[in-house]
Amino acid sequence: MLKSNVLRAHKLVESFKKISVAQASDQQETVELPQLLQDCVDLFKINARQAKLIITLDTTHLHGTGQWFGYPGHLTQVIMNLLQNAERYAYPNGQGGAVDMSVFDEGDQFGITVRDYGQGIPAENLNKIFEPFFTTGRNKGGTGLGMAIVSNIVTSLFKGHITVVSEPGKGCCLSLVFPKSVMANVGVGLPLKAGQML
Ligand SMILES: Nc1ncnc2c1ncn2[C@@H]1O[C@H](COP(=O)(O)OP(=O)(O)OP(=O)(O)O)[C@@H](O)[C@H]1O
Ligand SMILES: [Mg+2]
């Protein structure tokens with residue numbers, strides 16, 4: 001028990017370090033969202049091949065320019081977390097399956113959806129998945145911090161929203177919606193609220 005707690009603490013510190021490094025180095029800049037998402041798919045390619053995930057990216061619902069004045073490093077972190085969850089939870093037995101990503105725009109907002117067709121999330125867990133430390137994968141090395149961090153990044157840094165829709169046995173769909181341009185928010189520290197994390 002002591003050993004597993006120490007390991008867990010070590011993992012937490014590692015992930016906090018990763019976020020603060022990303023935070024410090026991630027300047028607000030203009031990026032092409034379709035390119036950034038394609039880069040995420042490419043980065044995930046080795047995992048995807050091992051887990052037999054077929055990842056697609058649909059950019060046909062992007063009508064205006066895909067240019068976002070935002071935080072590319074953080075968005076990459078968000079998408080990688082969602083892909084890792086699809087690998088670990090949607091298709092847990094290595095059977096693999098589809099993960100469909102889509103980017104769209106509406107007015108002055110962008111949207112990104114990441115959809116899988118796997119196990120899904122039971123209704124009673126839907127509002128818990130963004131809580132720090134909620135995980136159904138403790139035995140697979142899950143800390144339950146991934147979605148809490150994702151949600152903090154999307155709401156505090158991107159000034160957007162994240163929602164989840166799921167039907168058990170049919171998969172789930174995570175949607176992010178955020179403004180096309182975030183005003184530089186000088187003085188914003190970690191997107192994580194200390195009280196929430198402990
Ligand atoms: N695509 C998905 N399909 C089914 N369940 C999911 C999916 N994504 C997340 N979940 C559920 O939400 C929980 C919380 O996810 P979260 O990413 O916060 O934690 P984790 O993946 O278990 O651990 P960590 O990300 O810290 O390694 C998961 O344990 C799982 O039960
Ligand atoms: Mg996770």
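This is a predicted model: local features need pLDDT of at least 70, side-chain atom pairs count only at pLDDT 80 or more; totals for chains, interfaces and linings use all residues.

Helix α4 passes helix α6 in a left-handed crossing. The angle at which α4 and α6, residues 146-157, pack is about 145°, and their axes lie 10 Å apart. On the α4 side, the contact is formed by H74, Q77, V78, N81, L82 and N85. From α6 come G146, M147, I149, V150, I153, V154 and L157.

Helix α2 covers residues 33-43 and α4 covers residues 72-90; they pack at an angle of about 45°, with axes 10 Å apart. The two helices, α2 and α4, are therefore oblique to each other. The crossing of α2 past α4 is right-handed. Which residues of α2 and α4 meet here? In α2 they are L33, L36, L37, C40 and L43, and in α4 they are P72, L75, T76, I79, M80 and L83. In the contact of α2 with α4, 10 residues are nonpolar, one is polar and none is charged.

I come now to the ligand. There are 20 residues around ligand 1, and those that come nearest are Y89, T135, T136, T143 and M147.

A nitrogen atom of ligand 1 is found 2.9 Å from an N or O atom in the side chain of D116. For G144, a polar backbone atom is 3.0 Å from an oxygen atom of ligand 1. For G146, a polar backbone atom is 3.1 Å from an oxygen atom of the ligand. Thank you for your attention.

Note on methods: Residues are numbered from 1 along each chain as its sequence is written. Chains are lettered from A and ligands numbered from 1 in the order in which they are written. Side-chain values use heavy atoms; hydrogens and water are left out. Axes are lines fitted to C-alpha atoms, for helices over the stretch in contact, and angles run from 0 to 180 degrees between N-to-C directions. Helices (H or I, at least four residues) and strands (E, at least two) are DSSP runs, numbered from the N terminus. Angles under 35 degrees count as roughly parallel, over 145 as roughly antiparallel, 65 to 115 as roughly perpendicular and the rest as oblique. A crossing is left-handed if the near helix is turned anticlockwise from the far one by less than a right angle, and right-handed if clockwise. Contact means heavy atoms within 4.5 Å. Ala, Val, Leu, Ile, Met, Phe, Trp, Tyr, Cys and Pro count as nonpolar, Asp, Glu, Lys and Arg as charged, and the others, Gly among them, as polar. A residue is near a molecule or strand if one of its heavy atoms lies within 4 Å of it. A polar contact is a pair of N or O atoms within 3.5 Å; within protein, one must be able to donate a hydrogen and the other to accept it, and residues adjacent in sequence count only if both atoms are side-chain atoms.
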